[in-house]
Structure formats: C-alpha cells, structure tokens
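Biologist: I would like to learn how to read a few features of a model. Could we begin with the charged side chains?

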Amino acid sequence: MHTPAPLVSPETAFASFDLLSFGKILVPNHPLRFGFQLDIVPSMNSCTQVILALISQDRDVRDGVSHSHGFAVRVDLETGEIWDLLNGSGLVGWIEQSMDSFTDEEPLLLSWEVEHYGSALIPKLQIASEVFLYPALRHTPGMVMDTVAGSESGELSASTFIHPAVWKESM
C-alpha cells in the first residue's frame, strides 16, 4: 500500500477540496477487475463532504480546458446525497442509513469496483450497503488510473479515511 500523497493540480470540480492520492493502477489490455475503497466515520470527522474517485491520467483538452476522465462522486455526509463530479449526471443517489449509525467498528464504506471488458471500463459504486450505477468509460492502451479521496479544504486530516485499499485481479 502506498502512503497517501497530495494530488497535484486538481480539476475544477475538485477545487474546493483537499485531495489525497492512494496510488495508481495501470489498466492492461486484457480483462481485469480493479478497485479502490476506504472507510470513514462521519461523526468522528469535521468534514461534511467527501470525494471518492478513480481518475485517468489521460486528459481531454476541449476549448483550451483540460478535462479528466474517470469515476468521481461527492458524498454529502449531512444529507446522504451522492453527486457525480465528472460526467454531468447530477444526483446519483443517496444513503438511506443514518450517518450516526456508522462507527469505528462499522464505518461507512466508499468503494469503486471496475470491470474491464474489451474497450469498456464498467464501474460499480458501493456506498454503505447500497450499489449505484455510473457511466462507463472507454479504455485506452496504457491507461493509468489514480485513486483519489478528499474532503473540504482545511478539513482533511490523516485520520479522515481509514482502511484504504487499492487492488486488481485478472478475470
């Protein structure tokens, strides 16, 4: 496991957040399942919003503006709302369980699991015990995904995210 490191030059969507990178995943040209997950205990943190993302290092430049590709959501820990950050999808869903129900023994799980078939990267977002749909992404040869999490500027601490895991397995 890599030591979390500050992410350099965050996208506009992430501008008001402090971000950490938990490592990179090289996505080969063969079928693969990979993911990134971590836990958080909302009542033990001062942050009210967190980000969980897998971002491609390949950037698309349109109209002179650099855009990232990937999977990224913002979770509002006060309302339980889950918002898309990269694809313009808006509200993805919400967490039904009360935020007070998560403890250090049973924390809130935030997880991306991605299956690579052919030229598609098909994501599965799991937050708590709920699974949400999210738009797929086209795979490009040599693609590298950065694992990113964050919270509002000034609210990020080393203990915000617990049990981080980055993984991949052949299928």
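Salt bridges and other features

Modeller: Arg33 and Glu115 are joined by a salt bridge between their side chains, at 3.2 Å from N to O. The term means a side-chain nitrogen of Lys or Arg within 4 Å of a carboxyl oxygen of Asp or Glu. Arg33 is in strand S3 and Glu115 in strand S8, so this pair ties together parts 82 residues apart in sequence. Strands (E, at least two residues) and helices (H or I, at least four) are DSSP runs, numbered from the N terminus.

Biologist: What should I know about the model and its numbering before going on?

Modeller: This is a predicted model, in which local features need pLDDT of at least 70 and side-chain atom pairs count only at pLDDT 80 or more, while totals for chains, interfaces and linings use all residues. Residues are numbered from 1 along each chain as its sequence is written, and side-chain values use heavy atoms, with hydrogens and water left out.

Biologist: What average pLDDT does the chain have, and where does pLDDT stay under 50?

Modeller: pLDDT is the predictor's confidence in each residue, from 0 to 100. The chain average is 86, and 87% of the residues score at least 70. Over residues 5-10 pLDDT stays under 50, and the model has ten contacts for them beyond four places in sequence. Contact means heavy atoms within 4.5 Å.

Biologist: Back to the charges. How many salt bridges does a search of the whole structure find?

Modeller: Side chains of opposite charge can pair when their charged atoms come close. The search finds five salt bridges. One of them joins Glu113 to Arg33, with the closest N and O atoms 3.5 Å apart. Glu113 lies in strand S8 (residues 108-117) and Arg33 in strand S3 (residues 32-40), so the pair ties together parts 80 residues apart in sequence. A network of salt bridges links Arg33, Glu113, Glu115, Lys124 and Glu169.

Biologist: Which residue forms a salt bridge with Asp146, and is Asp146 buried or exposed?

Modeller: The partner is Lys24, the closest N and O atoms being 3.4 Å apart. Asp146 is in strand S12 (residues 144-152) and Lys24 in strand S2 (residues 17-26), 122 residues apart. Buried means under 20% relative accessible area, exposed over 50%, and partly exposed in between (1.4 Å probe, protein chains only). Asp146 counts as buried at 5%, whereas Lys24 is partly exposed at 45%. Arg33 is partly exposed too, at 22%, as is Glu115 at 21%.

Biologist: Which backbone oxygen does the side chain of His116 reach?

Modeller: His116, in strand S8, is buried with a relative accessible area of 0%. Its side chain reaches the backbone oxygen of Pro28 at 3.2 Å.

Biologist: Which residues is Ser170 in contact with, leaving aside its neighbours within four places in sequence?

Modeller: They are His30, Pro31 and Leu32. Ser170 is in strand S13 (residues 162-170) and is exposed, at 59% relative accessible area.

Biologist: And how do I read a hairpin? Which strand is joined to S6 by bridges?

Modeller: Two strands pair if DSSP finds at least two bridges between them. S6 is joined by three bridges to strand S7 (residues 91-94), and the two run antiparallel. Ile82 has Gly93 as its bridge partner in S7. Six residues lie between the strands of this hairpin, where Gly88 takes a positive phi near 70°.

How values were computed
A polar contact is a pair of N or O atoms within 3.5 Å; within protein, one must be able to donate a hydrogen and the other to accept it, and residues adjacent in sequence count only if both atoms are side-chain atoms.
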